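Hi there,

Please have a look at it first and then read on.

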Amino acid sequence: MEKQSHLLIIICFCLFICFPTTATETGPARGLTKLFVFGDSYVDAGNRNFSARSWNHPYGLTFPGRPVGRYSDGRVFSDYIASWMGIRSPIPYRWRKMENASIEYGMNFAFGGTGVFKTLVSAPNMTVQIDLFQKQLQKTLYSKADINSSIALVSMAGNDYTAYLARNGTTEGLSAFTKAMIKQLGLNLQRIESLGVQKIVVMNLQPLGCLPSETISYLYKNCSTSGNSLSLVHNQVLEKTVEKLNNKSKESVFVILDMYRAFLSAMKKEAHQPGTMKFKDLLMPCCEAVTTGYKCGNVEGGKKMYVVCNNSNSKFFWDDVHPSQAGWRAVYLALKSSAYSYI
């Protein structure tokens, strides 16, 4: 039965990659035609194996109607960046060899749950993801002109902090860990640049204290001050690192997308966006575990260990850490107005 289920998923994914997966707000961005994605579940479009909860119901509920490996009810942030570029979402690395899979729009190397360092999941971290990218270039799948007209999108670090704390990391050691992790992130960014990518977009940390995994302690009424403070410290160190990298390069190759401000802006202003609805219970997820020890998508003995809201479009968050498709669209709209000045 499990093999049949996996076969059905593969068939659905094959159908899925044959059709456009971009979001609706399209428009060419300065001749950029390729998108290479590195990172975690905020940008993963289906690279994790079938044991990941992103392949379980109710993920993919809104789009395309079935789980396809995205950590949301629908599209994730990388889909909206592809939309802004006016291209289809790039094929996940895992599915690059499947029949009808196109590498025309770049490739997505992101794996949910991963980080700059090794985290709590068995999947390629950022260094290994770049190794995979380099191997594709060595196979001459992409020309120099392709790389020159590409963007690299990087979403990293949240899972590194989760792993650090899970491994009994101390509050006193957090500052040193942040500096070490961002130092390695900087080296990774330089490596992507050395492979020929001339514009590298780095997402800073969203307000970690506002994630449902944190706000549940406050009955979803308030954000955690300590969580948000961690994000702000991280983002300050990242900004200084990126500034130094740009000073070394002839042009401003590296760009930071301010996800912290975009999240807060999207959650605050979404009600005023044309054609959208006000988010209800802002800090409460649409898909929530019924008891501690479980997460959205978990099943035990055939019983669903989660509940799903009636309308995911009315929720900013989909599960304990991931925005819904509507949430990601709101974040995208908050960033879209300044995207051209960024890139």
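**A buried arginine, to begin with**

Arg53 is buried, with a relative accessible area of 14%. For this and what follows, buried means under 20% relative accessible area, exposed means over 50%, and partly exposed is in between (1.4 Å probe, protein chains only). Arg53 sits in the loop between E1 and H2. Leaving out residues up to four places away in sequence, Arg53 touches Tyr59, Tyr71, Lys295, Cys296, Asp319, Asp320, Val321 and His322; a contact here means heavy atoms within 4.5 Å. Helices (H or I, at least four residues) and strands (E, at least two) are DSSP runs, numbered from the N terminus.

Before you go further, please keep in mind that this is a predicted model, in which local features need pLDDT of at least 70, side-chain atom pairs count only at pLDDT 80 or more, and totals for chains, interfaces and linings use all residues. Residues are numbered from 1 along each chain as its sequence is written, and side-chain values use heavy atoms, with hydrogens and water left out.

**Overall numbers**

The protein has 343 residues, of which 54% are buried. Its secondary structure comes to 10 helices and 10 strands. Of the contacts between residues at least 6 apart in sequence, 73% join residues at least 24 apart.

On confidence, the mean pLDDT is 90, and 87% of the residues reach 70 or more. That score is the predictor's confidence in each residue, from 0 to 100. Over residues 1–8 the pLDDT is below 50, and this stretch has 2 contacts in the model beyond near neighbours in sequence. Residues 10–20 also stay under 50, and for them the model has 24 contacts beyond four places in sequence.

**The sheet and a helix on it**

In what order do the strands of the open sheet run? The order is E2-E3-E1-E4-E5-E6, 6 strands with parallel pairing. The edge strands are E2 (91–92) and E6 (254–257), each of which pairs on one side only. Two strands count as paired if DSSP finds at least two bridges between them. In this sheet, E1 (residues 34–39) and E3 (residues 106–108) run parallel and are joined by 3 bridges, with Phe36 opposite Met107 in E3.

Helix H2 (residues 77–85) packs on the sheet and touches E1, E3, E4 (150–155), E5 (200–203) and E6. The direction of H2 makes about 160 degrees with that of E1. Axes are lines fitted to C-alpha atoms, for helices over the stretch in contact, and angles run from 0 to 180 degrees between N-to-C directions.

**A pair of helices**

Helix H3 (residues 126–138) packs against helix H6 (residues 174–194) at an angle of about 5 degrees, with the axes 10 Å apart. That makes H3 roughly parallel to H6. Angles under 35 degrees count as roughly parallel, over 145 as roughly antiparallel, 65 to 115 as roughly perpendicular and the rest as oblique. H3 contributes Met126, Thr127, Ile130, Asp131 and Gln134 to the contact, and H6 contributes Gln184, Leu185, Asn188, Leu189, Arg191 and Ile192.

The peptide bond from His57 to Pro58 is cis, with omega near 10 degrees, and a cis peptide bond joins Phe63 and Pro64, with omega about 5 degrees.

Which phi value does Leu219 have? Leu219 is not a glycine, yet its phi is positive, at about 55 degrees. This residue lies in the loop between helix H7 (212–215) and helix H8 (225–248) and counts as exposed, at 67% relative accessibility. Asp281 has a positive phi too, near 45 degrees. Asp281 is in the loop between helix H9 (259–269) and strand E7 (287–289) and is partly exposed, at 46% relative accessibility.

**And one alanine**

Ala334 belongs to helix H10 (residues 325–342) and is partly exposed, at 24% relative accessibility. Beyond four places in sequence, Ala334 touches Ala262, Ser265 and Ala266. Ala334 and Met267 are 67 residues apart in sequence and 9.7 Å apart in space, C-alpha to C-alpha.

Best wishes
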